[in-house]
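I would ask you to have the sequence and the structure open while I speak.

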Amino acid sequence: MSEYLELLEKHLNIDLVSVTISNPRKAGEVIKVKIRPVVLRDELVFQSESFTKKQVFHKNLSKEELLEAMLEYKEEYKQIVILTKKMTIHILISKKGKMTIKKKNIGGKQKTLSHNRKKRYVLEEGMKVPFLIDLGVMTQEGKIVRTRYDKFRQINRYLEFVEDILPNLPKNKEVTIIDFGCGKSYLTFAMYYYLKELKNFDVRIIGLDLKEDVIEHCNELRTKYGYDKLDFYIGDIENYEGVDEVDMVVTLHACDTATDFALEKAVRWGAKVILSVPCCQHELNGQMHNENLSPIMSYGLLKERMAALATDGLRAKLLEMEGYKTQILEFIDMEHTPKNILIRAVKQGEPAMSLSEDYKNCVTMLGVEPTLERLLWKGEENRGR
């Protein structure tokens, strides 16, 4: 096997940072190609970006398809740069096809500009975490399962958001957290482990979901780990009345208006922190009507995306009017899921006595009446609660 093929076989894996192919031999449309590894649906693929002067074309390739393409690139381009977590490999190809290969180890302080760059994780690889092992994210030795790296990064990204709001959680009493629509509870277990085991908070977390088998499995794991203040119950968001006071409400991927009911519950409880990743924002899509926007909204896909963004923007504004400092943040990368907006709200003031004029103007312009507005503002005479 040639040195070129040996390099490709060795480095085209999850630890690759990027491959850049440039300097085409002949003038043509594609002037540069960039490649990076991506885990999609638990499968490692390689995302290829082909750059022309005006456009970028994306394609996902298997390792076999990429190896075949790399053999063609060797004939068509003069330079290939392979960047891994440990070294940079420069490959220069002459007119006659002779290759010069130079390798340079990356120093400890040098950073790479890749989605897969080495960074400090809240839960570091090599740290044995029982629930991550049982959930198939980590091996018994504490190594991350290659095909579960996306889940590992998602969990750590989520814990970064939790880390940011720690100053807003009380340290002198039990902290009550409700996780609506907890599902398989990767993130619920991670939050409990982080707050209880690593940060020594006196925390009680309640996970709520409609799927009986999922709740049963989560409770079995809870018992196995000895997490005595982590409980899972069957129930929906709208009708849950199991607690009177809550410090933090989490709602991840609650579908459509279920997010609104969760946010309304959080506000009524006076939750100090809200973390919400909305999903399937259909409601305003059916309501939105504006003649001036009709040239855009006549396209179904664009209207759907506009409605989703408007829904979350109006939710954030309504939370601000309830006395919350509200941010809209990116949760996880777009290649994993399009549902990547997180609303983070921290209670800092008193509720407003009336809807703001800019909010009123916006909903009037869009021709909508959001569910969260109806839930929170059924009678303006009752403001100041």
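Which residues does Met248 touch, if those up to four places away in sequence are not counted? Please bear in mind that this is a predicted model. Met248 is in contact with Val162, Ile165, Leu169, Thr176, Ile177, Ile178, Met191, Ala271, Val273 and Leu275.

Met248 belongs to the largest nonpolar core, which has 79 residues. Together with Met70, Phe131, Tyr158 and Leu195, Met248 touches the most other members of that core. Helix α5 supplies the largest share of this core, namely nine residues. There is also a second, separate core of 40 residues, and Leu293, Tyr324, Leu355 and Leu366 are included in it.

Let me turn to α5 itself. The helix has 13 residues, and the distance from its first C-alpha to its last is 17 Å, close to the 18 Å expected at 1.5 Å a residue. Because 10 of these 13 residues are buried, α5 is largely enclosed by the rest of the structure. The buried residues are Tyr186, Leu187, Thr188, Phe189, Ala190, Met191, Tyr192, Tyr193, Tyr194 and Leu195. After α5 comes Asn200, which has a positive phi, near 60 degrees.

The next helix is α6, residues 212–225. Where do its buried residues lie around the axis? The residues in question are Val214, Ile215, Cys218, Asn219, Leu221, Arg222 and Tyr225. They cover an arc of only 160 degrees, which means that they lie on the same side of α6. The face turned away from that buried side carries the exposed residues Glu212, Asp213, Thr223 and Lys224. The buried residues of α6 pack against α3, α5, β9 and β10. Gly226 follows the helix, with a positive phi near 75 degrees.

I now come to the aromatic residues. The structure contains 11 aromatic pairs. In one of them, Tyr149 and Phe152, the ring centres are 5.9 Å apart and the planes stand at 85 degrees, so this pair is edge-to-face. Both residues are in helix α4, and because they are three residues apart there, about one helical turn separates them. Tyr149 and Phe152 are each buried.

How are the rings of Phe180 and Trp269 arranged, stacked or edge-to-face? Their centres lie 6.2 Å apart and their planes are at 10 degrees, so the pair is stacked. Phe180 is part of strand β8 and Trp269 is part of helix α7, so this pair ties together parts that are 89 residues apart in sequence. Phe180 counts as buried because its relative accessibility is 0%. Trp269 has a relative accessible area of 13%, so this residue is buried as well.

Ring pairs also join Phe131, Phe189, Tyr192, Tyr193, Tyr225, Tyr227 and Phe232 into a cluster. Of these, Phe189, Tyr192 and Tyr193 are among the buried residues of α5, and Tyr225 is among those of α6.

Finally, two lysines deserve mention. Lys171 places its charged end over the ring of Phe201, 4.2 Å from the centre. Lys32 lies over the face of Phe51, at 5.2 Å from the ring centre.

Thank you for your attention.

Methods. Residues numbered from 1 in each chain as written. Predicted model: local features only at pLDDT ≥ 70, side-chain atom pairs only at ≥ 80, totals over all residues. Heavy atoms only, no water. Helix = DSSP H or I, 4+ residues; strand = E, 2+ residues; numbered from the N terminus. Expected span 1.5 Å × (residues − 1). Buried < 20%, exposed > 50% of the residue type's maximum accessible area, 1.4 Å probe, protein only. Arc of directions from axis to C-beta. Contact = heavy atoms within 4.5 Å. Core = buried A, V, L, I, M, F, W, Y, C linked by side-chain atoms within 4.5 Å. Phe/Tyr/Trp six-rings, centres within 6.5 Å; stacked < 30°, edge-to-face > 60°. Lys NZ or Arg CZ within 6 Å of the ring centre and 35° of its normal.
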